[in-house]
Amino acid sequence: MVSLTSNLIDQISPDEEDIEAEGGAIDSVKEDNDDSPVDNPTEEIDVHVVTEEDLAVSRYSIRDVILPLIGKNVTLPEHQTGEFIKSLLLEKGLSLETINRVEKSGVKSRVRGHYRRVIEFPAEFTYRLVNYTDPNETIQQTEINTLNLQPQEGSVKESSNPSEATRLGLVIEFNLSAGSYATMLLRELMKEATDTSYHAGLTAATAASVSAGSARTEKRKESEIDESVENESTASASKRARESECQEKN
Amino acid sequence: MSDPIALGQLTGNRFEIVLREVQSDPATVQAACEGLKSTGYMNYFGLQRFGRGGSESGSHLIGLQIFQSNWKGAVDLMFKSLAADRPDVLQAKAAYQQGDYVTAKNLLLPSMYSEMKVLERLVSDPRDYHGAFHAIPRSTQLICAHAFQSFIFNLAATHR
């Protein structure tokens, strides 16, 4: 399933005006200019269906694979997921034909098809583990603290007195593309760590979680509020990683 | 640097996040971080995209109604009673469900702007669901449509 053939690939050309059709299956998605910038993405996406030849020369990688956001004039990939999307739409009484039907006005006339990368790679990703004792102590200097000229309290280093340090913290920094969610990154990061430690049969984690109170990350608190839609539509990447390993061996 | 920034010019965002009470051991955490760097993560839309109704009446379900041109369905979803609703909100919604648009309008909270625009239209023409839905601010209409797109994307990406 991670085979690249018949995927949609995002080839944003450096010069946005220069969109070339490259024999075969490229669609260029041009945006009309009659709507406000809020309604339209400003970049023009040059969409290409990956061919066997592309695969042979390793022209693309998993980083380039995109999927459609359903709307007018969108291209579906030519593999199983394209079929899956079609059947999803069909069971909801929709089809590309009905979606592409011209509407003169109303919200439907303004919903553009677009594309989005399937996999996001955080850039300039750094992380450091810290040991700390007080749940409320400042670990990372925040902008507000800097503005208020407050010194960073308890600047904990990894080399703190080990007998005092009881809690483990993780500070991560990274860049994401516009439109990509840090919450999804965190979900993946924390789930994966949990899976691994489960397999390792850790008991310390269970014991430590008895001191409930602050025993949650800020993000985890948020995500517990309404995970129903998220759980319906997503899967963890540890599952995906295992699948792709199997696929590559074939 | 002399031109003002316009919407759509954003190339990305940088995040600094502190996670506390990490339960795993350092080696596991390191492995997880390194794995993330090399494998990336599924570029799903987060739950913020789907509005407060969740699986019951989230924006993406209203979005589906839009794509189906089912305007009554879209409006009905806006007034669907939710477990988390306050009693006064439930009252307003109940009035709508009984077809009493005038009462519903009077019971609305000041913050329920979209619902107000809808009811204003329905009070003057109870059958014009198309007009009622389109009385909602355009940006809000689009949020629902985009939520549906995002939901389909998430499902497709999972399938992939």
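Q: How many salt bridges are counted between chain B and chain A?
A: The count between the two chains is two salt bridges, a salt bridge being a side-chain nitrogen of Lys or Arg within 4 Å of a carboxyl oxygen of Asp or Glu. This is a predicted model, in which local features need pLDDT of at least 70 and side-chain atom pairs count only at pLDDT 80 or more, while totals for chains, interfaces and linings use all residues. Residues are numbered from 1 along each chain as its sequence is written, chains are lettered from A and ligands numbered from 1 in the order in which they are written, and side-chain values use heavy atoms, with hydrogens and water left out.

Q: What makes the pair Arg167(A) and Glu21(B) a salt bridge?
A: The closest N and O atoms of Arg167(A) and Glu21(B) are 2.5 Å apart, and the rule asks for a distance within 4 Å, so the pair qualifies.

Q: Why is the pairing of the side chains of Arg167(A) and Glu21(B) also called a polar contact?
A: A polar contact is a pair of N or O atoms within 3.5 Å, where within protein one must be able to donate a hydrogen and the other to accept it, and residues adjacent in sequence count only if both atoms are side-chain atoms. The two side chains make such a contact at 2.5 Å, and the side chain of Arg167(A) also reaches the backbone oxygen of Thr133(A) at 2.8 Å. Across the interface of chain B and chain A, the rule finds 27 residue pairs in polar contact, both residues being at pLDDT 80 or more.

Q: Which element gives the largest share of the side of chain B that touches chain A?
A: That element is α9(B), with 16 residues; helices (H or I, at least four residues) and strands (E, at least two) are DSSP runs, numbered from the N terminus. The residues of this side divide into 32 nonpolar, 27 polar and 11 charged, where Ala, Val, Leu, Ile, Met, Phe, Trp, Tyr, Cys and Pro count as nonpolar, Asp, Glu, Lys and Arg as charged, and the others, Gly among them, as polar.

Q: How many residues of the two chains are in contact?
A: With contact meaning heavy atoms within 4.5 Å, 70 residues of chain B are in contact with 97 residues of chain A.

Q: What makes helix α3 of chain B mostly covered?
A: Buried means under 20% relative accessible area, exposed over 50%, and partly exposed in between (1.4 Å probe, protein chains only). Eight of the nine residues of α3(B), which spans residues 59-67, are buried, among them Ile62(B), Leu64(B) and Phe67(B). The helix is followed by Ser69(B), whose phi is positive, near 55°.

Q: Why are Asn73(A) and Glu124(A) called exposed?
A: Asn73(A) has a relative accessible area of 58%, and Glu124(A) likewise has 58%; the cut-off is over 50%, so both residues count as exposed.
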